[in-house]
Amino acid sequence: MLRIRDIEIDPKLVLAPMEGVTDVTFRRLIRQIGGCGLTVTEFIPAASLARGDVKFLRMAAFDPDESPIAIQIYGADPAVLAEAARVAEAKGAHILDLNMGCPSKQVCKNSGGSSLMKDIPHAQRIVRAMRAAVRIPFTVKMRAGWDASMRNAVDMARMCEDEGVEGLTVHWRTRADRYGGERDLGIIREVVEAVSVPVLANGDIVDIESAREAFAETGCAGLMIGRGAIRNPWVFAQISADMRGEEIPTVSLAERERVLLSYYEALRTTFKNDHGALGRMKKIARYFTRGVPEGDVLRSAIFYSTTVEQAYERIAEFFHGLREVEAGRPWTFTRAAPPPRRRGRQPQRTSPGTS
Ligand SMILES: Cc1cc2nc3c(=O)[nH]c(=O)nc-3n(C[C@H](O)[C@H](O)[C@H](O)COP(=O)(O)O)c2cc1C
């Protein structure tokens, strides 16, 4: 049983905060499928939340039945973070989370995110101010350290616990690793052994095997899953079934298609126009397509679509092809080509990528 103070997180699996992904629509999708014990908002800049900026207040919004929910904020100024923490509490968050993991240059330049890993005294001022500002449970999400020469998650975790932080998530990568680096869960185990608050393990947990490994190798209290949940939104249901010793739910091609399309349709209603919605669809496709056979074909189909309708048609055709193959009938998959560039228009910035 995982508890952050009196908040029960059952199953002990948490959807990671992911900017540009884990908005209320994505979180709804994950909650409908089930198996996730806690959802977290995308990170929200403390200054904007403290100012009451409408766009960011909307980012902090959640469904009435979304429980428990953590609101994550980031920033560098203790007073501003404390004020944003109050706003998050007033919005009804069950847990307040501080981001000490974001590697982005922009965030680190302003001394927020993972750059706090370089400066424990400053991080301490922030944590102390936030702790004093709210009554709700308070957690911190951090990386293993700044770089290979500064893997100081244990010191940071001890400081956090001393200041009243009630739960920690540790991503095994340092800031310098960004999304690469050599998998090393040892640092998470060290943190687990150093503090008595619950510690969640994070980083490349994508299926039952990696979940079992993370529990066994770190002794963590729970797992946080990010990209694995975009690739396979059923990952929580599958891991939690495994933890209970139950049969692992399998997902048919028809179900994958239905979920992708209904999620896209839900996304569409949240954007002002289809251009924005299509951009988000492409972002999701980058990960989701890794969970289906011939995923690169589906990825190019979505990436090179110029309208939402075209994307839908291509998705339908792609899944039809997969079903034909499944039924033993011949089918040739063809990768979509980039659309011709229109004169006077900027070339598309996105590409199917490989990650
Ligand atoms: C698209 C994207 C956006 C992210 N945004 C956030 C964020 O807003 N806050 C945060 O703490 N971490 C953020 N992360 C990091 C994830 O929460 C997580 O720590 C990281 O992806 C490693 O876990 P994973 O291997 O399960 O994805 C983001 C990651 C991705 C891929």
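Author: What follows covers the ligand surroundings and then the domain interface of this predicted model.

Reader: Which residues come nearest to the ligand?

Author: Glu-19, Gln-72, Asn-202, Asp-204 and Arg-227 come nearest, out of 17 residues around the ligand.

Reader: And how does that shell divide into nonpolar, polar and charged residues?

Author: The shell around the ligand holds seven nonpolar residues, six polar ones and four charged ones.

Reader: What lies 2.8 Å from a nitrogen atom of the ligand?

Author: That is a polar atom in the side chain of Gln-72. On the oxygen side, a side-chain N or O atom of Asn-99 is 2.9 Å from an oxygen atom of the ligand. Asp-204 takes part through its backbone: one of its backbone N or O atoms lies 2.6 Å from a ligand oxygen atom.

Reader: How much of the ligand does the protein bury?

Author: The ligand taken alone exposes 600 Å², and the protein buries 92% of that area.

Reader: Let us change topic. What does the domain assignment give for the chain?

Author: The assignment gives domain 1 as residues 2–243 and domain 2 as residues 253–326. Their centres, taken over C-alpha atoms, are separated by 29 Å. In the contact, domain 1 takes part with 13 residues and domain 2 with 14 residues.

Reader: What area is buried between domain 1 and domain 2?

Author: About 1,300 Å² is buried between the two domains, and carbon and sulfur atoms give 66% of it.

Reader: On the side of domain 1, which three residues supply more than any other three?

Author: Those are Thr-25, Arg-231 and Trp-234, which supply 43% of the area that domain 1 buries against domain 2.

Reader: How many salt bridges does the rule find across that interface?

Author: The rule finds one salt bridge between domain 1 and domain 2. Three residue pairs in polar contact are also found across the interface, with both residues of each pair at pLDDT 80 or more.

Reader: And with which residue does Asp-23 form a salt bridge?

Author: Asp-23 forms a salt bridge with Arg-280, and their closest N and O atoms are 3.1 Å apart.

Key:
Residues numbered from 1 in each chain as written. Predicted model: local features only at pLDDT ≥ 70, side-chain atom pairs only at ≥ 80, totals over all residues. Heavy atoms only, no water. Near = heavy atom within 4 Å. Polar contact = N/O pair within 3.5 Å; in protein donor to acceptor, adjacent residues only side chain to side chain. Areas by Shrake-Rupley, 256 points an atom, 1.4 Å probe, with all protein chains shown as cover. Nonpolar A, V, L, I, M, F, W, Y, C, P; charged D, E, K, R; others polar. Domains from an automatic or database assignment. Contact = heavy atoms within 4.5 Å. Buried area = accessible area lost by both parts, 1.4 Å probe. Salt bridge = Lys/Arg side-chain N within 4 Å of Asp/Glu carboxyl O.
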